[in-house]
Amino acid sequence: MDYELSAEHQMMQSAVKEIAADYDKDYWQEIHEDQLVPEAIFEDLAQGGWFGIPIPEEYGGHGMGLLDTIIVMEALAEAHAWETTFRFTMSTVFGGTSIMQNGTEAQKEQYLPGIAAGEDVWALGLTEPSAGLNATNMTTSAEKDGDEWVINGQKQWTSGMEFADKLLLVARTEPRDEVEKRTEGVTMFILDPDMDGISYNEIPLDIYFTEPTYDLFLGDVRVPEECVLGDVGQGLYQIFGMLNAERLTAAVSAWGGGKEALDTAVQYAKDREVWSEPIGAHQAIQHPLADAHAEMESARHDIRRAAWLADQGRDGSGEAANIANLQAGKAAWNACEAAMTTLGGMSASQEMGVAAAWGVVRHLRTGPVSEEMILNHIGQHSLGLPRSYKT
């Protein structure tokens, strides 16, 4: 791997930072206070085609890779627009990656151009009240009726439903007790959120999060056969296929929250004076910030390395993605903690935005995958230890 960014990557960084520069701290403070969707900057990013970086050129994208996507997301975070990075996971990954890997030619032609142009937002219906990280326990079902599927069930923590143009839904098409393997008998569907039988309610949150999230209800939703994505009964394996990309884009979002908190704290430590000198001159302030910076830079390299391995199709890309997600979450959390200590009481103010970043980062250490599940995977598959949990 070449650790020096290419001239093309530097141009991409400059371009998205120029977009982000039009949106100052007051803009993001209003987004936080009023729980708004930052549509204006999303539209600017869409016009530049930035959501279509990994989508093939024949479908309107740039035909680049995951690392290129990561570089752009990093640049947005560095330009104080870290909250935009979640849209890449929702649309570019949930929609784009899933269709690129599993879609028919007709589905690619139908859906990929809208994602590449930033016109279509996707949501993912996977988690359920009784099936969180153990998705094999899902009870949402789809039964065949002629040339249609009839879907019934409930999903939870389905982010972005209110403004989603498409919903990628995973449902059991065979009962768990009738399949040979617990991971079989699950199928992916592409749904329109306004289909008859679909309803949703926003889940009130006690902390700030960048995307509103919903309880999703499906009652006798009738779906034509052409809305099946990939092979019937193989939906979980298809979900697993996009996990590396999801792990890494989510890692950048966490890293971005940590970066925002750290940058804010560093500037505060330079400006705030006590006893006639900046508080950043005191090692009790300076050392935690320096330590957080070192951890953040290490996490950045972990993310880039994992993305490069995935683009190259190299062995170990799954392990690298898990490690990058784990380390990014920890580094971002420590950066937020150091920032809150530096700012003291000001860390709770909306003016600073540190508490908002802190809450999002903590959430990302739990989802889309918990650190405990990552450690389970590393222990079992990387170290060869016995499986540490039951199904």
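Reply: This is a predicted model. A search of the whole structure turns up 11 aromatic pairs. One of them is Tyr237 with Phe240, an edge-to-face pair.

Me: What makes Tyr237 and Phe240 an aromatic pair, and why is it called edge-to-face?

Reply: The ring centres are 6.3 Å apart, and the limit for a pair is 6.5 Å.

Me: Where do Tyr237 and Phe240 lie?

Reply: Both are in helix 7, residues 235-271. They are 3 residues apart, about one turn of the helix.

Me: Why does Tyr237 count as partly exposed? And Phe240?

Reply: Tyr237 has 33% relative accessibility. Phe240 has a relative accessible area of 40%. Buried means under 20% and exposed over 50%. Both values fall in between, so both residues are partly exposed.

Me: How do you know that the charged end of Arg87 sits over the ring of Phe42?

Reply: The charged end of Arg87 is 3.9 Å from the ring centre of Phe42. The distance limit is 6 Å, and the charge must also be within 35 degrees of the ring normal. Arg362 lies over the face of Trp333 at 5.9 Å from the ring centre, so that distance passes too.

Me: What lines the second largest pocket?

Reply: The lining has 20 residues; the closest to the centre are Lys25, His80, Glu260, Thr264 and Met352. The pocket's volume is about 360 Å³. Helix 2 (25-34) and helix 7 each supply at least two lining residues. The lining divides into 7 nonpolar, 7 polar and 6 charged.

Key: Residues numbered from 1 in each chain as written. Predicted model: local features only at pLDDT ≥ 70, side-chain atom pairs only at ≥ 80, totals over all residues. Heavy atoms only, no water. Phe/Tyr/Trp six-rings, centres within 6.5 Å; stacked < 30°, edge-to-face > 60°. Helix = DSSP H or I, 4+ residues; strand = E, 2+ residues; numbered from the N terminus. Buried < 20%, exposed > 50% of the residue type's maximum accessible area, 1.4 Å probe, protein only. 1 Å grid on protein atoms, 1.4 Å probe; cavity = no way out; pocket = protein on both sides within 12 Å on 5 of 7 lines; lining within 4 Å. Points joined across faces, edges and corners; volume = space filled by probe spheres on them. Nonpolar A, V, L, I, M, F, W, Y, C, P; charged D, E, K, R; others polar.
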